[in-house]
Structures are given as structure tokens and as C-alpha cells.
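Me: Could you walk me through how this fold is put together? I'd like the numbers and the cut-offs behind them.

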Amino acid sequence: MKDNHTSAVISLQAKSSREWIECVLTNFDEFLIDHAANERKASSMALSLVAHYPDRCELRTALIDLALEELNHFRQVVRLMQERNLVMTPDEKDPYVNQLRNHVHKGSEGYFLDQLLCAAVIEARGEERFLTLSEVLDDSAIKKFYKTLALSEKGHHQVFTRLAQCYFPKDLVNQRLNEWIDIEGTIFEELPVRSRVH
Ligand SMILES: [Fe+2]
Ligand SMILES: [Fe+2]
């Protein structure tokens with residue numbers, strides 16, 4: 001990727017509530033199962049973008065790396081689950097992601113930009129969630145794990161904004177990114193409190 005494409009850092013509108021934190025801390029096993037599924041889906045989503053845009057070299061290179069990192073996160077969370085004798089459950093619908101995706105524009109270029117920016121805000125939310133958990137968890141190893149994951153998800157949201165800037169004018173990216181931050185903020189605020197990533 002060209003060096004002149006600096007990546008925008010996303011500042012989300014809302015932070016995780018105290019209610020959500022309490023809910024996750026009291027139902028942490030349930031959270032882990034959902035978290036594992038989210039990591040697996042993030043890896044798959046990155047690879048499906050590679051498959052959808054095979055001729056876009058910067059995207060291909062960046063998202064193959066990202067898919068591997070997400071797959072590694074998946075492996076790490078599954079290991080934590082195994083230590084606790086937890087089993088994977090069938091995927092649930094993710095109301096947060098589904099509602100976000102309703103805002104993806106039709107039309108090839110608008111669709112492409114929105115795919116990147118929608119992914120960017122989802123990654124930024126992952127970062128916010130994991131950082132929040134790293135501050136409140138008791139177990140030092142798991143605390144450290146979530147801190148590391150938060151840093152990794154920060155890197156991921158920057159990958160997506162950098163890719164957007166690689167393929168679209170900076171002003172357009174910034175304008176649409178601000179719209180995505182608004183959309184995400186509204187959807188996030190209305191999510192039910194559950195022991196889930198979203
Ligand atoms: Fe991840
Ligand atoms: Fe990620």
C-alpha cells in the first residue's frame with residue numbers, strides 16, 4: 001500500500017454501558033462463545049472481500065493478513081473455551097451487523113466504499129469492547145489477552161480506513177466515515193444488553 005494514505009482513526013460516539021459490562025462479567029462463558037464466532041466471521045468476511053475484489057492488489061494483500069490475524073484470534077478464543085469445557089453453538093443472527101449492513105449503498109463503487117467503512121466501524125467497536133473488558137476483568141491472563149486483542153482490532157479498523165483512502169478521495173472517505181460513525185452510534189445505543197460482543 002502507498003505510504004501517502006494515512007489511516008483515519010475512528011472515534012466512536014458511544015462507549016459500552018455499565019449494564020453491558022456487568023452482564024458480560026456475570027455471563028462470561030456465554031460471551032466467550034459469541035466472541036469466538038465473531039472472530040471466525042471477521043476472518044471469513046475479509047476473505048470474502050478478497051474473493052469479491054481479486055484484482056485490487058492493496059486490498060488483497062492487506063485483507064489476507066487481516067483474515068489470518070482474525071483466524072488466530074478465533075483459535076485463541078477457542079482455546080480459552082476449551083479450558084472451560086465450553087462448546088461452540090450454532091451461529092446466531094447478529095442484529096448489530098445486520099442493521100449496519102442495511103445502510104450499505106447499492107451500486108458498485110458506493111457498495112465498495114461502504115463495505116470498507118462498515119467493516120471499519122465494526123472493528124472499531126470490537127476495539128472499544130475489548131479495551132473496556134481488559135480494564136474490568138479480574139483474571140490477569142485474560143485481561144492481558146483482551147488488551148492485546150483491542151490493539152489488534154485498532155490496527156484492523158485502520159486497515160479498512162486506509163484501504164478506503166487508497167481507492168477513494170480523502171474528502172469522500174471522511175464524509176462517508178462520519179456518516180457511518182453516526183449510523184453505528186444510533187444502532188449501538190439501541191442494542192439490547194446481552195452477554196455478546198454486539
Ligand atoms: Fe479479531
Ligand atoms: Fe478485527
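Predicted model: local features only at pLDDT ≥ 70, side-chain atom pairs only at ≥ 80, totals over all residues.

Me: How many helices does the chain have?
Reply: Helices (H or I, at least four residues) and strands (E, at least two) are DSSP runs, numbered from the N terminus. The chain has zero strands, and its count of helices is seven.

Me: What is the radius of gyration of the chain?
Reply: This radius is taken over C-alpha atoms, and the globule rule is 2.2 Å times the number of residues to the power 0.38. For 198 residues the rule gives 16 Å, and the chain is close to that, so it is as compact as a globular protein of that length; its radius of gyration is 16 Å.

Me: Are H5 and H6 roughly parallel or roughly antiparallel?
Reply: Axes are lines fitted to C-alpha atoms, for helices over the stretch in contact, with angles from 0 to 180 degrees between N-to-C directions. H5 (residues 108-136) and H6 (residues 140-167) pack at about 160°, their axes 8 Å apart. Angles under 35 degrees count as roughly parallel, over 145 as roughly antiparallel, 65 to 115 as roughly perpendicular and the rest as oblique. H5 and H6 are therefore roughly antiparallel.

Me: How are H5 and H7 oriented to each other?
Reply: The axes of H5 and H7 (residues 170-189) come within 10 Å and cross at roughly 50°. The two helices are therefore oblique.

Notes:
Residues numbered from 1 in each chain as written. Chains lettered and ligands numbered in written order.
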